[in-house]
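Visitor: I would like a close look at a single part of this model. Please keep it brisk and give the cut-offs.

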Amino acid sequence: MNKNEVYQQFLKDNPSTGILKVQIFMAEQAIPIPNVNITIEKEVSKIELNFFEGITDESGIISNIILPAPDIKNSDEPEYVTYELIVKHPNYLGPTTFQVPIYSGQKMIQYVTLVPKPKENKNG
């Protein structure tokens, strides 16, 4: 199957949606970090699918990212899809990746703390 066919099959297998909000901070969530690059991907049938790319706002937030999720079934174990969240900023260590579960009809919040890159010593 080609990339488009894999993507279409994934959407067919996951007809519902869930929502993701990402908040990026430094200093133990004290200082928000704007302009952080966010990518959301998932490997399906050995093909990397990209579901979202964006940049955090001045509050270090991207919200209302809508992602495919499995239908809610009548079972004790809710089904979900795990996506890879990739966080990058040129002034911070990384990229940093997280595995984020998305459940149908649910809003997930992923908090990310970034560490600034060490300053280069220009004297030595």
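How many bridges join strand 6 to strand 7, and do they run parallel or antiparallel?

Guide: Eight bridges join strand 6 to strand 7, and the two run antiparallel. Strands here are DSSP runs (E, at least two residues), helices are runs of H or I with at least four residues, and both are numbered from the N terminus. Two strands pair if DSSP finds at least two bridges between them.

First, the ground rules. This is a predicted model, where local features need pLDDT of at least 70, side-chain atom pairs count only at pLDDT 80 or more, and totals for chains, interfaces and linings use all residues. Residues are numbered from 1 along each chain as its sequence is written, and side-chain values use heavy atoms, with hydrogens and water left out.

Within the pair, Val 87 stands opposite Thr 96 of strand 7.

Contact means heavy atoms within 4.5 Å.

Phe 10 belongs to helix 1. At 6% relative accessibility, Phe 10 is buried. Buried means under 20% relative accessible area, exposed over 50%, and partly exposed in between (1.4 Å probe, protein chains only). Beyond four places in sequence, Phe 10 contacts Lys 42, Val 44, Leu 49, Phe 51, Pro 68, Val 81 and Tyr 83. Its C-alpha is 9.7 Å from that of Pro 70, 60 residues away along the chain.

Now strand 7. Pro 101 sits in strand 7. With a relative accessible area of 24%, Pro 101 is partly exposed. Leaving aside neighbours within four places in sequence, Pro 101 is in contact with Tyr 80, Val 81, Thr 82 and Met 108.

Past that strand, Ser 104 lies in the loop between strand 7 and strand 8 (107-113). Ser 104 is buried, at 11% relative accessibility. Among its contacts beyond four places in sequence are Thr 17, Ala 69 and Ile 72.
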